[in-house]
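This report covers a sheet and the salt bridges in the structure shown below.

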Amino acid sequence: MTQPSTVRFDGTHASVLAVMHLVDAGRSTTVIDIHADTDPTRSHITIPTPDGRVRIHSGDSITRGPGGTYLVTPAARPA
């Protein structure tokens, strides 16, 4: 079974685990910060990227690219 290359973060425990699995947290030197809230839409995760640390908010998608890079696609936010 292949690992997914894109994960949508929705603030739930399951999506936190999916992001951790995507960035191999715990199996390498990758460290992520998890900021949980009782309201999953207010939770976020911060991950390391070659361009610095990036915050992923509820509704955002993260894609693993070549060479261990990550691209975050923000969710549409109300104006």
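A residue counts as buried under 20% relative accessible area, as exposed over 50%, and as partly exposed in between (1.4 Å probe, protein chains only). By that scale Arg 42 is exposed, with a relative accessible area of 57%.

The model is predicted: local features need pLDDT of at least 70, side-chain atom pairs count only at pLDDT 80 or more, and totals for chains, interfaces and linings use all residues. Residues are numbered from 1 along each chain as its sequence is written, and side-chain values use heavy atoms, with hydrogens and water left out.

Strands are DSSP runs (E, at least two residues), numbered from the N terminus, and two of them pair if DSSP finds at least two bridges between them. An open sheet of three strands has the order S2-S3-S4, with antiparallel pairing. Its edge strands, S2 (33–35) and S4 (52–57), each pair on one side only. Strand S3 (residues 44–49) is joined to S4 by six bridges, and Thr 49 stands opposite Gly 52 in S4.

A salt bridge is a side-chain nitrogen of Lys or Arg within 4 Å of a carboxyl oxygen of Asp or Glu. By this rule the count comes to two.

| Salt bridge | Closest N and O atoms |
|---|---|
| Arg 53 with Asp 33 | 2.8 Å |
| Arg 42 with Asp 37 | 3.1 Å |

The pair of Arg 53 in strand S4 and Asp 33 in strand S2 links distant parts of the chain, 20 residues apart. Arg 53 is partly exposed at 44% relative accessible area, and Asp 33 is partly exposed at 31%. In the other pair, Asp 37 is partly exposed, with a relative accessible area of 28%.

Methods
Helix = DSSP H or I, 4+ residues; strand = E, 2+ residues; numbered from the N terminus.
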